[in-house]
Amino acid sequence: MLFFDFETYKFDWLVVAIDPVEQKEFVIVNDRKRLEELYSRYKRDIWVGYNCRNYDQYILKGIMLGFDPKRINDWIIVKGRKGWEFSSMFNRITLYSYDCMNKFYSLKQLEGFMGNDVRETSVPFDIDRKLTEEELQQTVKYCTHDVEQTMEVFLRTKANFDAHVNLLKTFNLPLSNISKTQAQLS
């Protein structure tokens, strides 16, 4: 299992991924080759994120396909379109992702409910230049915090994940169905 989160800017992108079993943290900044290596290493694992069903999985797949992640970001965030509508080529990349998003609350709201530090990024997402080294480090820190908070949300809602997995096992469904919503799976 790998927990992950992407941050996307006009000229930069980064991902933070944490493997809690191996106790390894991966930080990849603007390096498609390293992202492909991470994917290859964990492609049979379940990737867990917060809102990854609607955002992060498409950024990951897009980068691996050679697309500009900012175009995908703007397609989803600015235009309000669905990630899968951007390109049918996304289907070429298998990703077993589980989204622990609560449809009623943002990750920041849940951080507050859990009594944790609510961190907002200090680096605006609309910067029209490459990020400075200091801005990149601040963004890595922010992104790492989001991944850690996603891990806590997952632990607090693990019963939902277990129910998801039990449905797959009970009806002998392929692991690719882990990415479906509870309603779709039911």
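**Pockets and a buried residue**

Reply: This is a predicted model. Its second largest pocket holds about 480 Å³ of space. Of the 21 residues lining that pocket, Phe6, Glu7, Tyr55, Phe125 and Tyr142 are the closest to its centre.

Me: What makes a residue part of the lining of a pocket?

Reply: A lining residue has an atom within 4 Å of a pocket point. In the second largest pocket, β1 (2-8), α2, α3, α4 (107-113) and α5 each supply at least two such residues.

Me: How do the residues of that lining divide by class?

Reply: The lining of the second largest pocket has 8 nonpolar, 5 polar and 8 charged residues.

Me: How much space lies in the largest pocket, and which residues lie nearest its centre?

Reply: The largest pocket has about 1,100 Å³. Its lining counts 42 residues, with Arg53, Asp99, Ser179, Lys180 and Thr181 nearest the centre. By class, 16 are nonpolar, 18 polar and 8 charged. The largest share of this lining, 6 residues, comes from α2.

Me: Why is Met114 called buried?

Reply: Buried means under 20% relative accessible area. Met114 has 14% relative accessibility, so Met114 counts as buried. Its place is in the loop between α4 and α5.

Me: Which residues does Met114 touch, leaving out those up to four places away in sequence?

Reply: Contact means heavy atoms within 4.5 Å. On that basis, Met114 touches Gln149, Glu152, Val153 and Arg156.

Me: How far is Met114 from Lys70 in space?

Reply: Their C-alpha atoms are 32 Å apart, and Met114 and Lys70 are 44 residues apart in sequence.

Conventions. Residues are numbered from 1 along each chain as its sequence is written. This is a predicted model: local features need pLDDT of at least 70, side-chain atom pairs count only at pLDDT 80 or more; totals for chains, interfaces and linings use all residues. Side-chain values use heavy atoms; hydrogens and water are left out. On a 1 Å grid over the protein atoms alone, a cavity is a set of points where a 1.4 Å probe fits but cannot get out, and a pocket is an open set with protein on both sides within 12 Å along at least five of seven lines; lining residues have an atom within 4 Å of a point. Grid points are joined across faces, edges and corners, and a volume is the space filled by probe spheres set on the points. Helices (H or I, at least four residues) and strands (E, at least two) are DSSP runs, numbered from the N terminus. Ala, Val, Leu, Ile, Met, Phe, Trp, Tyr, Cys and Pro count as nonpolar, Asp, Glu, Lys and Arg as charged, and the others, Gly among them, as polar. Buried means under 20% relative accessible area, exposed over 50%, partly exposed in between (1.4 Å probe, protein chains only).
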